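This report describes a model chain by chain and feature by feature. The sequence and structure come first.

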Amino acid sequence: MKFVKAILCLIVVIGLVYALDRPWGPVPALGNFLSPFTGFWQNGEKQGIPSSEITLKLDSLREEVIIRFDDVGVPHIFAKNDFDLFYTQGYVTARDRLWQMDLQVRAASGRLSEVLGPATLELDKSSRRLGMGYGAEANIKMVMSEPHSREALLGYTAGVNAYIRSLSPKDYPVEYKLLGYRPEPWKPINSMYMMEQMTLTLAGRSNDLNMSEVLKKYGKDVVNQLFPDYPMLQESPIIPVGTKWDFARVPVPLEIPKLDSSAQTIGAKPLRDIREPKVEGIGSNNWAVGAEKSITGYPILANDPHLELTLPSIWYQVQLHAPGINVYGVSLPGIPSVVIGFNQNVAWGVTNVDADVYDLYKIKFKDSSRGFYWHNNQWKPTRKREELIYVKGQLDPIREDVFYTHHGPVTESSNESLQSPDLAVKWIGHEPGNSFVTFYELNKAKDYNDYRKALAHYVGPAQNFIFADNGKNIAITVNGKLPLKYKDQGKFLLDGTSPTDDWKGWIPAEQNPTVKNPPRGFVSSANQSSTDPTYPYYINWSFAPSERGIRINERLEAMSKANMDSLRMLQNDNFSVQARTILPKLLSILETSPLSPTQKAAQTTLAGWNYQNTPESVAASIFETWVPVLRDAIWKDDFDKNFGAGDYPSRDRTEYLILNQPNERWFDNVNTPQKETLNDVVLSSFKTTLDTLTSRHGAMSPSWQWALVKGTEIRHLSRLIKPFNAPKLRTGGGGSIVNAITKRNGPSWRMIVELGPSPKAYGIYPGGQSGNPGSPYYLNLLKKWEKGELNELLYLASPDDKSPRLTSSIKLLKN
Amino acid sequence: MNFIIIFILTAVSQLFAPWWMVALVPFLINAWRPATSGRAFLISFAAIAVLWFSYGLYLHVNSEGAMSDRIAEIFSLPNGILLLVVTTIVGGLVGGFAGMAGFFLQQLFEIQPARR
């Protein structure tokens, strides 16, 4: 009896401990997770503002470093050399954002499945096939061969690792505890992966295949008509019209018309990549007003990069101070230096250039072993790169053999019935370079010449680098390594067998479109066309729609005595250029049509609208819902099966059609026997719009307010852990609006810098410095961001500066 | 007495050793200093439960539930306090059964009780 009791009890205990010591499906090992000594309880931080002063001894530090934190949790780092400076940047960034850095590197390097299991396998495969590792390896060699970038990267790596080493399991960020894995040592190449990921987000798409489909279905005339290389209705290019191209042009490669059109024949249904298509809302605004337009007598610069809004934020604020450098701005966790910011003498910012730097080549393999491919009239060997993907819960890794041609990895398929891919990707992400050094030099820049020198190193993703300095210069440069192409090279699928279609060199860096101190007194960009058609080189045939750029330029044109606040208002500008352009015409059509009382009410609402996408506007909801429905109604029947919404003719082209070509055949729905006209399409899409809104939000009422219909949300980076998301947000704006907040994308950082003898700067992002949901700094900036306000950025001159906003500090000593 | 010994030893050992000290400590103490089976369970349960509850409560209050309320939501619980109750019960059960197992094992080998 005793025996039975003892055994029973033992079994229960061992069973309990065993069950609680291992994960069950998505549930973490509960013993560790629930224990207040090791579990999530440890991740709750004391709320309120800390005021501690501590000293830490760390390995491989060279001299003493002081970190002072301000009241919003921004570290101000004072070091005595570059190594220590970036060491400390790595240390504090890891302290606040370790799991984010881990996850983003895993996403970029195709190693998510190692910790998340089979659910992310396809995503990992996609990263591996695209050659993210190939690109990162090519880049790290360049970076490590340049002394400054090498020092920065080694310092950063040592700092991140010093922090990781200081952690015991109870200190791990809560995401590690939830997902049941542990941080691994940081490697210098991880910074390259972060840059690859940025290149992928901003310049990792192409619609070459779809354009080839259109070409095949409709022929060249229709392509030229519907997919023109420059907006037909309205544009306000980044480099002002009339800017002189003051350089000796290099010869542009010639397109040799092909006798054999086989390269253009593609299958019935191209295989789509699983990566999400590029959405509007990933873009950015920046501008700088010159001294004569500003109230301070010095330039003022503004920048708001639009990306997916996540928690923690993609950005991390930091001030870096060491001999020869004192810079403040936002960094990307995982990359040393400041990416967007200012120093004593200059300020700079970036927006994305929609350059055509991702091309697809149709490859002709000798046989199914894919060992040789046909190019320049001979068989050339491919190179095989073996990718091993480890998957959580599976013993053996999954092996992917990726074949590389001189173009790049053969990774996509022209036809989903194919057994193996037949399209090679030529992508700027594979080009060896040292873009990091551009940021490093901008951090230290003193004037316009430093800016131009810094830019010459940059490879990609191409950015519109805006600049202002204390010498009262303003400038903007469409900057990046841009391939020298024949016109429209890469608009369609390219022929991988012909040297004619190869990328042939680059637009010389100093000939990238640029303008300094233009007569209009300001420079700006919002991802629209880089230049007007007079620029001698081909950059791309399609750019982001022009509305944001048009609005920004109109307002800056009219502005005088600009100050921080007037520019802040412009960042928050909700005016819809799109509505101004197209709505009067649409309303005039509705007026001549019979409407039900509900439709009449909606029409009246629209007619009384001031084109402001304010959070409370009902008209904005109707219009913003209507536009995509209308676009679908016009184009879906013509570009259905193989095309996605992004592959329709552009918004500009659609508006041109409605305003100037009302009798075109495209209004007719080819799937119905009768012939539809513009009026029919407008009316039916209007009805659909109201039906959609009614089914989702009830009858027209304040529940149709734009903020509610849009429903902006900021999710935790995991996209899984809902309680770590931000609370519901109330925002105006929209994709085509200067205040570019959509459901999930928007201004991920808003910054305004007033230059002058001592710079005054303001900035905010939606979230907080800490990635820990249990920290008082997780969401502390959110409310202000939502209201469109900015924080003054505390720019210190020395570690001994006094400011009531300074709170805690850490002194780092070498061990 | 066993309550205090278990409470203190578990608290100290958990600062550096794994969570399952909440099983090992009550087991050993009850093998070393047996009471009755019922008392072994109750005292062990109480010692671990009080320890986890009080430390958990301190961390919860200190952080104003910033983490615990969110984790509670993951487990579909209304707030961190309820999650703390669950935590307490889980810890208590492990400790209780371990204590009882220690007691019975001691009985099995008829080890002379150290006291009483």
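How much area is buried between chain B and chain A, and what share of it do carbon and sulfur atoms give? The model is predicted, with local features needing pLDDT of at least 70 and side-chain atom pairs counting only at pLDDT 80 or more, while totals for chains, interfaces and linings use all residues; side-chain values use heavy atoms, without hydrogens and water. Residues are numbered from 1 along each chain as its sequence is written, and chains are lettered from A and ligands numbered from 1 in the order in which they are written.

## The interface of chains A and B

About 3500 Å² is buried between chain B and chain A, and carbon and sulfur atoms give 80% of it. Buried area is the accessible area (1.4 Å probe) that two parts lose on being put together, summed over both. B:Trp19, B:Met67 and B:Arg70 supply 22% of the area that chain B buries against chain A, more than any other three residues.

The contact (heavy atoms within 4.5 Å) takes 40 residues from chain B and 39 residues from chain A. Six residue pairs across the interface are in polar contact, both at pLDDT 80 or more. A polar contact is a pair of N or O atoms within 3.5 Å; within protein, one must be able to donate a hydrogen and the other to accept it, and residues adjacent in sequence count only if both atoms are side-chain atoms. On the side of chain B that touches chain A, α1 (2–14), α2 (21–32), α3, α4 (68–74) and α5 of chain B each supply at least two residues. The most comes from α5(B), with 15 residues. Helices (H or I, at least four residues) and strands (E, at least two) are DSSP runs, numbered from the N terminus.

Most residues other than glycine have a negative phi, and most peptide bonds are trans. The bond from A:Leu311 to A:Pro312 is cis, with omega near -10°, and A:Pro312 lies in the loop between β6 (310–311) and β7 (316–322) of chain A. Another cis peptide bond joins A:Gly460 and A:Pro461, where omega is about -5°. The loop between α12 (448–456) and β18 (463–469) of chain A holds A:Pro461.

A:Asn377, though not a glycine, has a positive phi of about 65°. This residue, A:Asn377, sits in the loop between β12 (372–375) and β13 (378–381) of chain A. A:Asn377 counts as exposed at 61% relative accessibility; buried means under 20% relative accessible area, exposed over 50%, and partly exposed in between (1.4 Å probe, protein chains only).
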